[in-house]
Amino acid sequence: MTTQIELSHIDKHYGVFHALKDVSLSIEKGSFVALVGPSGCGKSTLLRSIAGLETITSGTLKIAGETMTGVPPRKRDVAMVFQSYALYPHMTVEENLTYSLRLHGVNKAEARQKAAEVAATTGLSALLKRYPRELSGGQRQRVAMGRAIIRNPKAFLFDEPLSNLDAALRVHMRKEIRTLHDRLGATSVYVTHDQIEAMTMADHVVVMRDGVIEQQGSPLELYDHPISKFVAGFIGSPAMNFVPGTIGADSRSVNLEINGSLSLPLNRTLDTGRKVIVGLRPEHLVVADPGMATLRLPVAVVESTGSMTYVTTNTTPELTVVETRRMNIRAGDSVDLTIAPEHVHLFDPTTEQAI
Amino acid sequence: MSRIFNSMRDGKGFDLILVGAAMVFLLALAGLPLVYNVVMSFQQVDMFTLGSLVRPFAGFANYVAVVQQPEFWLVTKNTLIFVFASMAGQFIIGFALALFFAQNFPGASTIRGLFLVSWVMPGLVVGGIWSFILAGDYGVLNAILKGLGLTQATIFWKSDPNFSLWAVVIANIWLGLAFNMLLLSVGLAAIPRDLYEAAELDGANAFQRFWTITLPMMRSTIGAVLSLGLIGTLQQFDLFPALTEGGPANTSNVAGYWAWQMSFQLYDFAKGATISVMMFVLVLFASVVYVRSTRHEVRG
Ligand SMILES: Nc1ncnc2c1ncn2[C@@H]1O[C@H](COP(=O)(O)OP(=O)(O)OP(=O)(O)O)[C@@H](O)[C@H]1O
Ligand SMILES: [Mg+2]
């Protein structure tokens, strides 16, 4: 595996605002990397820096081994799919697709031939003579994709390409983009604020926060071993429950400050009396028989989607529980919960780092 | 009765009232004078029939007489040069300035705003200022040209037959520059930034981006600027009395000023009206071309 895009110690300032702080990231050739994080954390800035649309203040960026300092976007050989699609409104679909080829002096017949091929892979064959304003949102999205594919670039950069589509189409395009990526053997960097998109599409997920890379790794690594409360809360849906707690006298259990005091066993030893934040994923909390339960809590809301049951407890802080079984529980009842010790995440209350 | 009243409050009647008011206004203040002008160009008009509407019909006699005037072809040529050179100057320099001020350097919008001064000033005042600048013996322009070593001789801009028309053209370019720049700036600002970014990533250099993105996206703006420029230039009057009065020997005379001279200096109202009708036909033709060109407008 060779490195296709290498960022080392990148800093980006907008005037006094520090948008990217010492970002280092190495992207393997052929991999699909997702950049996630809350709004304003610098995902787009990082992506646009790779494209050359923003100049980085310090640090080095290499694409396919070449240092990109001072190289204008048009010489970087990367393609970008914009959130707004940025289709050329005065050109037909075919002209949009062949624009870059025509700029590079490819002759007309060959360009049309390639456009036809790309249109076939993206399902645009019947729309080649239309103008962007005559297309639906999903079709525009495909044109934006096709325009990137036709160039066979060193890397694809996506900036929230699906956020303007409805939920069903989004799920469909998710698969389609990933399939296309595999077929082309492309290198893709995909910005999204939707962690499900990141988890389902990417080989490697980069979680950003306030211009810093908080954690990176495979989707399951991030899910199983979040290094901080922030990553733990960001990855996974519904979000992880957080409850303040104190390590018990036996050093191998934690007392939760919820609905009086309830105790959970741990699979490791910690100093007695240490304050912690306990993280419990909704899908790891199991509704159990009264005898073996460790937590007995009142129920506030029960929602069922048919396949799933969501139980919210009437406590402060409230807990969300996801069960795949059908439950015979109603609001006002009590529910008995257990959780396996290896699924209990602990975080330091001041640093918010995982313990 | 109440049905009619209701429809006047909200319904077809209300629409008709709104459209009607505008139509009455247009007809009274633009339509009637226009028709009167056209009618007059087909009549014999002299000092005694000036006050009456019904005068002897003259057929195309006025048109023939105008074309047979010794200065007709000179004025036609001058008008074409004046219109073409003024519009080209206003448009090209205006576009260059609009592109320059679109670069978002500190103070760009403030300085652009200052350019409006030329548009706000009355043509007569602009003419007066340029009259000083262009003066042969003490003019600033001559001083600059001589200082730069571009010319040794004193150029009498306003009274030399070789330069008199250009003196008015220069002043007119200055006068219309801000208007051109402003409209073109608005058009430029309406082009989404991400189109340029996409084009840049697709491999377009600055010139290619201008040619393949800016110009096609500005098509309707450019059409509007050019047609308004044509109308404004044909209507330009103030600069002529202030600078050259059409002279010397009609070398800087154009159709608009000539029509005025005919009517209000020589009191030959029929010929004056005839020249205006000829100009009107020209503007009408240009407007039709413009309207047709914007019909297929694309804006995403
Ligand atoms: N041109 C600019 N000038 C000044 N600050 C900017 C500029 N562009 C972005 N920023 C700031 O940089 C930070 C990161 O912006 P960025 O667009 O990268 O966020 P993002 O992670 O893509 O967010 P979103 O999910 O909302 O798109 C934001 O706080 C933003 O206000
Ligand atoms: Mg963004």
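How do the residues of the shell around ligand 1 divide into nonpolar, polar and charged? They divide into four nonpolar, five polar and two charged residues, where Ala, Val, Leu, Ile, Met, Phe, Trp, Tyr, Cys and Pro count as nonpolar, Asp, Glu, Lys and Arg as charged, and the others, Gly among them, as polar. This is a predicted model, in which local features need pLDDT of at least 70 and side-chain atom pairs count only at pLDDT 80 or more, while totals for chains, interfaces and linings use all residues. Residues are numbered from 1 along each chain as its sequence is written, chains are lettered from A and ligands numbered from 1 in the order in which they are written, and side-chain values use heavy atoms, with hydrogens and water left out.

**The surroundings of ligand 1**

- The residues that surround ligand 1 include Tyr14(A), Phe17(A), Ser39(A), Gly40(A), Thr45(A) and Glu160(A), and a residue belongs to these surroundings if one of its heavy atoms lies within 4 Å of the ligand.
  - A polar side-chain atom of Lys43(A) lies 2.7 Å from an oxygen atom of the ligand.
  - A polar backbone atom of Cys41(A) is 3.2 Å from an oxygen atom of ligand 1.
  - An N or O atom in the side chain of Glu160(A) is 3.3 Å from an oxygen atom of ligand 1.
- Ligand 1 exposes 630 Å² when taken alone, and the protein buries 59% of that; accessible areas come from the Shrake-Rupley method with a 1.4 Å probe, and for residues only the protein chains shown count as cover.

**Ser49(A) in helix α1**

- Ser49(A), which has its place in helix α1 of chain A, counts as buried because its relative accessibility is 3%, given that buried means under 20% relative accessible area, exposed over 50% and partly exposed in between (1.4 Å probe, protein chains only).
- The side chain of Ser49(A) has a polar atom 2.7 Å from the backbone oxygen of Thr45(A).
- Leaving aside residues up to four places away in sequence, Ser49(A) touches Leu20(A), Glu54(A), Ile56(A), Leu61(A) and Arg76(A), where contact means heavy atoms within 4.5 Å.

**Helix α2 of chain A**

- Nine of the 11 residues of α2(A) are buried, so this helix is largely enclosed by the rest of the structure.
- Among the buried residues of α2(A) are Val93(A), Leu97(A), Tyr99(A) and Leu103(A), and the buried residues of this helix pack against α3 (108–122) and α4 (137–149) of chain A together with α10 (193–201) and α11 (206–217) of chain B.
- Glu95(A) also has its place in helix α2 (residues 93–103) of chain A, but it counts as partly exposed because its relative accessibility is 33%.
- Glu95(A) touches His90(A) and Arg102(A), not counting residues up to four places away in sequence.
- Just after α2(A), Gly105(A) takes a positive phi of about 75°.

**Chain B as a whole**

- The secondary structure of chain B comes to 15 helices and zero strands, and 41% of its 300 residues count as buried.
- The C-alpha atoms of chain B fill a box of roughly 75 × 70 × 30 Å, taken along the principal axes.
- Gln236(B), in the loop between α12 (219–235) and α13 (239–243) of chain B, is buried, with a relative accessible area of 11%.

Definitions and conventions: Helix = DSSP H or I, 4+ residues; strand = E, 2+ residues; numbered from the N terminus. Polar contact = N/O pair within 3.5 Å; in protein donor to acceptor, adjacent residues only side chain to side chain.
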